[in-house]
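Please look over the sequence and the structure shown below before reading on.

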Amino acid sequence: MTKIVIWPGLAVVLIILAVLPFFLPNYRTAFLLITFMYVTLASSWNIIAGYTGYVSFGHAAFFGLGAYTAALLITRLGTHWLLASLVGGVVAALVAVPLGYILLRLRGPYFAISMLGLAAAFEVVANSWVSLTRGGAGLNLPPALNLVQVYFAMGIAMVVVIGLSYRIITSRYGLRLFAIRDDEQAAEVLGINTTLHKVSAFTISAFFPGVVGGFYAWNLAYIDPTSVFRPILSIGMVIMTMFGGIGTVAGPVIGGVLLTVVAEGLWARLPEFHRAAYGVLIVIVVLFMPGGIMTLVRTRGWVPRSWRV
Amino acid sequence: MDYQTLLQLAVGGLLLGAVYALAAAGLNLIFGVMRVVNFAHGDLMILGAYTAFWLYDRGGVNPLLSLTISIPLLFVVGWILQRFLVYRVVGQPPLMSLILLWGVSLVIINAGLFFWTSNVRSVPYFSGGIDLAGIQISRSRGIAFVTALVLSIGVWLFLQRSRWGKAIRATAQSAEMALVCGINVNRVRLLTFGLAAAMAGAAGNLLITILALSPGVGPSFLLKAFAIIVIGGLGSFSGAFIGALVVGLLESFSAFFINAQAADAVIYFALILFLLVRPGGILGQRE
């Protein structure tokens, strides 16, 4: 029953998403593209925070790192934007390995705050290393003339990260991550190599923000330290995932889509109001629905418990 | 680089450190009593700072006088935060309270940006300098230093000598034992959050006489206060002063030798270093 409904349903959604940009006006396509970006970011954040239990307050660091890597490759070496963005993801992942090795020894609030500081430190570096990044003046890229190409790139990144999330949650690897989240010491005693698992989960969750950071840079054709390290990206990953349901596959997708749509409809033009509304939402989610929408849906029995979504 | 400049930087850093220490001791107090990291602590400092700015801007009020308003005001803000929000997550995993207070921080920051715009503000009430045995120090730093020190000693005496202070320390040692001994733990927590918020507010009120601040800089001060209590030792009141001296010195030297923005990054690296190498801080025990 499950597979009969789910797989064709997903295929239909994918086909609709694939044809949409040929019918929609550019403005709508660009909006969908940003939605894909946030879903990708939230889903990759979920892998380290939701599955492994290490909540990061500064994942924008990897987004910015990818954006700068890609922008520099494109402007200095003339690399194709797709390749440059992939390299951006690889660089973010490579940086995440030693960082994770060091920072993932810290637990709970210490890790969260150290990641917050990391994003701030990256921004300082991007601002101060003027010979490479042109500092606050930012980098101008050649204009991306084809919105649909970026749309597909972003969409594929989203599908890949969602698929990977599902693959992880249904694998032994995912079970080990859950064990680390629930009780790290017990996991260690059971013979799980916790360092290897934590660092690898952190690396995966850094790779995708790096890639979509590159796409973002290419799409906007201009980046500066404030725009790619801005806290709203890190905030968005946290609140979208928690609102949808942390530690689930569908949670970041639901939260990402809902919040991007609501934000666009209600308050996108008032940045202060946007962030304050996220703040209020964080408070509400933590106090009244810590499991997010997915838990509500599950307890009502709308989704069978056997579905690992 | 002459000896005179170095000394001047050191003294300037130490004076600033005392103001940070006042705020950090508040953060430490909340952590000690409730195991909650008050992520909105820097933003409470900003609220105190803008109270002083508002009074100065409207009525030319002396910032020392405005302490009599910012301290009770922030006490009430802290009380309300604890009464309606934080009490629900005390005892839950520390991440819950951290995320909750992050939400509160976002609300305060963006309300601040909305009402006061992102302009940097200062209260240039105390101008000029004092000549201290050949070292020039600015009068505002000197006054802020002395006031912060007096307030900190006051809080310390309150914690050591008064009955409520004793109740706070008892709750920090073990909330359950305190409850068994007939201490109203809920009220102690309310008092603690109020007191800590008042300390943050007072620190902010003094800080805006030295530095120009915008509503968005709260998290940067949270990071500093957090670094201070980690370096000094979590839960140790006097440790906050040692940590604050270290952070004050790091800030004034890195601002002078690199640039003003780099100070945050340098303090951040010191924080990470301490968390990894000596998580108990200078005074605390090893975990």
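Which residue takes a positive phi in the hairpin of strand 1 of chain B and strand 2 of chain B? In this hairpin, which has two residues between the strands, Ala133(B) takes a positive phi near 50 degrees. This is a predicted model, in which local features need pLDDT of at least 70 and side-chain atom pairs count only at pLDDT 80 or more, while totals for chains, interfaces and linings use all residues. Residues are numbered from 1 along each chain as its sequence is written, and chains are lettered from A in the order in which they are written.

**Hairpin of chain B**
- Strand 1 (residues 129–132) and strand 2 (residues 135–138) of chain B pair in the antiparallel sense over four bridges, where pairing requires that DSSP finds at least two bridges between the strands.
- Gln136(B), in strand 2 of chain B, is the bridge partner of Asp131(B).

**Contact between the chains**
- Chain A brings 28 residues to the contact and chain B brings 32 residues, with two residues counted in contact if their C-beta atoms, placed from the backbone, lie within 7 Å.
- On the side of chain A that touches chain B, helix 5 of chain A gives the most, with twelve residues.

**Nonpolar core**
- The largest nonpolar core has 203 residues, and those with the most contacts inside it include Met154(A) and Ala203(B); such a core is a set of buried Ala, Val, Leu, Ile, Met, Phe, Trp, Tyr and Cys residues joined through C-beta atoms within 7 Å, buried meaning that 20 or more other C-beta atoms lie within 10 Å of a residue's own.
- Helix 1 (residues 3–34) of chain B gives the most to this core, with 17 residues, helices being DSSP runs (H or I) of at least four residues and strands (E) of at least two, numbered from the N terminus.
- Not counting residues up to four places away in sequence, Ala203(B) touches Val19(B), Leu22(B), Ala23(B), Met45(B), Gly48(B) and Ala148(B).

Note on methods. A residue is buried if 20 or more other C-beta atoms lie within 10 Å of its own, exposed if 12 or fewer, and partly exposed in between; C-beta atoms are placed from the backbone.
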